[in-house]
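Good morning, colleagues. Please look at the sequence and the model on the screen while I take you through a few parts of the structure.

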Amino acid sequence: MTAQFKMAPRFELINVSKRYLANQFPALDNVNLVIYEKKINTLMGKSGCGKSTLARVLMSLENFDSGEILYRGKAMNSIPIKEFRKKNQVMFQDPYLSVNPYFTIRKILWEPLLINKKPAHKNEFKEKVDHLLELLEIPASFLDRYPSELSGGQLQRIVLARALALAPEFIVLDEPFSSLDEIMAARLIHCFKNIFTQLEIGVLFISHHLNHVKFLADYVAIMEKGRIIHQEPTNYTN
Ligand SMILES: Nc1ncnc2c1ncn2[C@@H]1O[C@H](COP(=O)(O)OP(=O)(O)O)[C@@H](O)[C@H]1O
Ligand SMILES: [Mg+2]
C-alpha cells in the first residue's frame with residue numbers, strides 16, 4: 001500500500017500541445033508525461049526544446065492548445081486555483097527577478113505567510129521562518145538585508161525558503177542553478193536534496209546539466225523539440 005502510494009502520479013500530461021503564434025513549430029508537441037508524488041522527477045533537454053513552457057503549463061501559469069492535464073487523477077480545470085497555488089510552488093532560474101528588490105529578506109519570507117493566513121499566535125510565523133532558516137542554512141543576519149546585498153546562491157536559498165513557507169506538496173525548479181557558478185551549484189544541490197527528502201516534497205527539476213540530474217533524479221525524462229522522447233526511473237540514487 002505504502003509503496004503503491006509513493007508511485008502515485010501527481011500530474012499526467014496526455015497529448016498536451018502548445019504553439020506560440022509567432023513560431024513555426026510547437027513548443028509542446030503531443031507531450032505525454034507522468035510526474036510522481038514525493039519523487040524527484042527530472043526533465044532534461046537542450047535550450048529551446050520546451051522545458052519552461054511545460055513548467056508554466058503544468059503550473060497553470062499559461063494555457064495550452066490541446067490535450068489534457070490530470071492533477072491527482074482529476075481534470076486540472078476542476079481544481080480551485082488558490083488551493084493549487086499553495087500546494088504547488090515554482091522556482092525560476094534568476095532569483096533576483098523572483099523577489100521584490102525593495103523588500104528586506106524578512107519581509108520576503110513573511111509575505112506568503114501573511115497573505116495566506118493570520119498567525120494563530122504571535123510567534124507562529126517567527127518559529128516557521130526560523131525553522132526554514134535553519135533548514136536552508138541561512139544566517140539570521142540576512143533577515144535585515146536586501147536582495148542586492150546577497151549573492152545569487154544565497155538569494156536562491158531565500159527563494160526556496162519562501163516557496164517552502166506554505167508547506168507545499170510539490171515544487172517545480174526550472175534551472176535553479178544555471179545562474180550560479182559550479183561550486184555554489186554543487187553546494188546548493190546537496191542542501192536542496194536533503195530538504196526534499198526530509199520534507200517528502202515532490203519535485204520537477206528542470207536542467208540541462210547531466211551531473212545535477214544524475215545526483216537528484218528518481219525519474220528522468222528527456223525532451224527534444226517539444227516532445228518527450230524518453231522517460232524512465234533511474235537507479236542513480238537508489
Ligand atoms: N512567450 C513566448 N512567446 C513566443 N515564443 C516562446 C515564448 N516562450 C517560449 N517560446 C518559444 O517556445 C520554444 C520553447 O521555449 P522554452 O519553453 O523556453 O524552452 P526551454 O525552457 O527548453 O529553453 C522556443 O522556440 C521559444 O522560442
Ligand atoms: Mg527554460
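I begin with a convention on residue classes: Ala, Val, Leu, Ile, Met, Phe, Trp, Tyr, Cys and Pro count as nonpolar, Asp, Glu, Lys and Arg as charged, and the others, Gly among them, as polar. On that basis, the shell around ligand 1 consists of four nonpolar, seven polar and one charged residues. A residue is near the ligand if its C-beta atom, placed from the backbone, lies within 6 Å of it. The surrounding residues are Tyr20, Ala22, Asn23, Ala27, Gly45, Ser47, Gly48, Cys49, Gly50, Lys51, Ser52 and Thr53.

A word on the source. This is a predicted model, in which local features need pLDDT of at least 70 and side-chain atom pairs count only at pLDDT 80 or more, while totals for chains, interfaces and linings use all residues. Residues are numbered from 1 along each chain as its sequence is written, and chains are lettered from A and ligands numbered from 1 in the order in which they are written.

Let us stay with one residue of that shell, Gly50. Helices (H or I, at least four residues) and strands (E, at least two) are DSSP runs, numbered from the N terminus. Gly50 sits in the loop between β3 and α2 (51–58). Is Gly50 buried or exposed? A residue is buried if 20 or more other C-beta atoms lie within 10 Å of its own, exposed if 12 or fewer, and partly exposed in between, with C-beta atoms placed from the backbone. Gly50 has 24 such neighbours inside 10 Å and therefore counts as buried. Contact is defined by C-beta atoms, placed from the backbone, within 7 Å. Leaving aside residues up to four places away in sequence, Gly50 touches Ala27, Leu28, Met223 and Gly226. Of these, Met223 is 173 residues from Gly50 in sequence, yet the two C-alpha atoms are 7.6 Å apart.

I turn now to the sheet. Two strands pair if DSSP finds at least two bridges between them. Four strands form an open sheet in the order β2-β1-β4-β5, with antiparallel pairing. β2 (28–36) and β5 stand at the edges with a single partner strand each, so one side of each has no neighbour in the sheet. Strand β1 (residues 9–18) is joined to β4 (residues 66–71) by five bridges; Phe11 is partnered with Tyr71, and Glu12 with Leu70. Leu70 also has a bridge partner in β5, namely Ala75. β4 and β5 form a hairpin with two residues between them, and Arg72 in the turn has a positive phi of about 45°.

Finally, helix α8. This helix covers residues 182–199, and its 18 residues reach 26 Å from the first C-alpha to the last, close to the 26 Å expected at 1.5 Å a residue, where the expected span is 1.5 Å times one less than the number of residues. Which residues of α8 are buried? They are Ala185, Leu188, Ile189, Phe192 and Phe196. These cover an arc of only 110° around the axis, which puts them on the same side of α8; the arc is that of the directions from the helix axis to the C-beta atoms. The buried residues of α8 pack against β3 (40–44), α7 (152–164), β8 (202–207) and α9 (210–216). The face turned away from that buried side carries the exposed residues Ile183, His190, Thr197 and Gln198. After α8 comes Glu200, with a positive phi near 55°.

Note on methods: Contact = placed C-beta atoms within 7 Å.
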